[in-house]
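Open the model in your viewer and keep the selection panel at hand. The tour goes stop by stop: select, look, move on.

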Amino acid sequence: DGEHMALHILKLCVGVSDIPQLAEWQTLRLSTVGKIWHITRMLPKRADEIVSGGSLYWVIKGMVAVRQRIVEIEPFKDEDGISRCKFIFDEELVPVRPQPRRPFQGWRYLKDEDAPVDLPKGAAAHDMPEKMRNELAELGLL
């Protein structure tokens with residue numbers, strides 16, 4: 001049908017226990033360097049499909065919890081001459097319906113149809129403790 005579907009990236013958010021902590025860390029990054037990014041080793045071959053509407057979905061404590069638009073993918077070489085890649089993000093963190101995920105290395109492609117839906121703006125779930133939200137999601141109540 002030629003309909004363009006966005007392609008997303010799924011990534012573990014290491015060392016962060018909830019969305020507010022991720023937001024705080026990113027706000028700090030933004031205030032110091034003016035951009036928010038994540039550096040990874042593997043450059044996505046399908047970078048164009050990702051930049052044209054894709055997001056990075058962060059897995060926090062075993063749950064896909066929040067997404068962030070990827071606005072740019074920038075390959076570069078680090079000081080050791082190793083090729084790496086920078087995912088540059090939009091500032092907005094969009095909470096999604098929690099979805100359990102087992103740990104994995106690096107990042108994975110995530111097809112649009114497999115991505116969890118955004119939580120409605122101002123949903124009560126935003127104000128809920130993460131643990132409760134995850135339990136409700138596991139029970140299929142969210």
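Is Gly53 buried, partly exposed or exposed? Select Gly53 and show its surface. Gly53 is partly exposed, with a relative accessible area of 25%. Keep in mind throughout that this is a predicted model.

**Stop 1: around Gly53**

Gly53 sits in the loop that joins H2 to E3. Gly53 and Leu7 are 46 residues apart in sequence, but 7.4 Å apart in space. Leaving out residues up to four places away in sequence, Gly53 touches Ala6, His8 and Arg69.

**Stop 2: His8**

Take His8 from that list. His8 belongs to strand E1, residues 7-12. His8 is buried, at a relative accessible area of 4%. Show the polar contacts of its side chain. One goes to the side chain of Asp112, at 2.6 Å. The His8 side chain also reaches the backbone nitrogen of Ser55, at 2.9 Å. The partners of His8 include Gly54, Tyr57, Arg108, Tyr109, Leu110, Lys111 and Ala115.

**Stop 3: the whole chain**

Zoom out and colour by secondary structure. The protein chain has four helices and seven strands. Read from the N terminus, the order of elements is β-α-β-α-β-β-β-β-β-α-α. Of the 142 residues, 41% count as buried. Among contacts in the protein chain with a separation of 6 or more, 66% are between residues 24 or more positions apart.

**Stop 4: the cores**

Nonpolar side chains in soluble globular proteins tend to be buried together. Which residues of the largest nonpolar core touch the most other members? Select Leu22, Trp58, Ile60, Ile70 and Phe87; these five do, in a core of 21 residues. Two or more residues each come from E1, helix H1 (19-33), helix H2 (47-51), E3, E4 and E5. E4 gives the largest share, four residues.

Centre on Ile70. Apart from neighbours within four places in sequence, Ile70 is in contact with Ile9, Ile50, Val51, Gly54, Ser55, Leu56, Phe87, Ile88 and Phe89. Another core lies apart from the largest one; this one has nine residues, including Leu10, Leu12, Val59 and Val96.

**Stop 5: aromatic rings**

Start with Trp58 and Phe89, an edge-to-face pair with centres 5.7 Å apart and 65 degrees between the planes. Trp58 lies in strand E3 (residues 55-60) and Phe89 in strand E5 (residues 83-89), so this pair ties together parts 31 residues apart in sequence. Both Trp58 and Phe89 are buried.

Move to Trp107 and Tyr109. Why is this pair edge-to-face? Their ring centres are 5.0 Å apart and the planes meet at 75 degrees; the cut-off for edge-to-face is over 60 degrees. Trp107 counts as buried, at 14% relative accessibility. Tyr109 counts as partly exposed, at 32%.

**Stop 6: charges over Trp37**

Select Trp37, then Arg29 and Lys86. The charged end of Arg29 sits over the Trp37 ring, 5.1 Å from its centre. Lys86 also lies over the face of Trp37, at 4.2 Å from the ring centre.

**Stop 7**

Most residues other than glycine have a negative phi. Go to Lys61 and check its backbone. Lys61 is not a glycine, yet its phi is positive, about 50 degrees. Lys61 lies in the loop between E3 and strand E4 (63-77). Lys61 counts as exposed, at 63% relative accessibility.

**Stop 8: cysteines**

Finish with Cys13 and Cys85. Cys13 is buried, with a relative accessible area of 9%. Cys85 is buried too, at 0%. How many disulfides does a search of the whole structure find? The search finds zero.

Technical notes:
Residues are numbered from 1 along each chain as its sequence is written. This is a predicted model: local features need pLDDT of at least 70, side-chain atom pairs count only at pLDDT 80 or more; totals for chains, interfaces and linings use all residues. Side-chain values use heavy atoms; hydrogens and water are left out. Rings of Phe, Tyr and Trp (its six-membered ring) pair if their centres lie within 6.5 Å; planes under 30 degrees apart count as stacked, over 60 as edge-to-face and the rest as tilted. Buried means under 20% relative accessible area, exposed over 50%, partly exposed in between (1.4 Å probe, protein chains only). A charge sits over a ring if NZ of Lys or CZ of Arg is within 6 Å of the ring centre and within 35 degrees of the ring normal. A polar contact is a pair of N or O atoms within 3.5 Å; within protein, one must be able to donate a hydrogen and the other to accept it, and residues adjacent in sequence count only if both atoms are side-chain atoms. Contact means heavy atoms within 4.5 Å. A disulfide is a pair of cysteine sulfur atoms within 2.5 Å. A nonpolar core is a set of buried Ala, Val, Leu, Ile, Met, Phe, Trp, Tyr and Cys residues joined through side-chain atoms within 4.5 Å.
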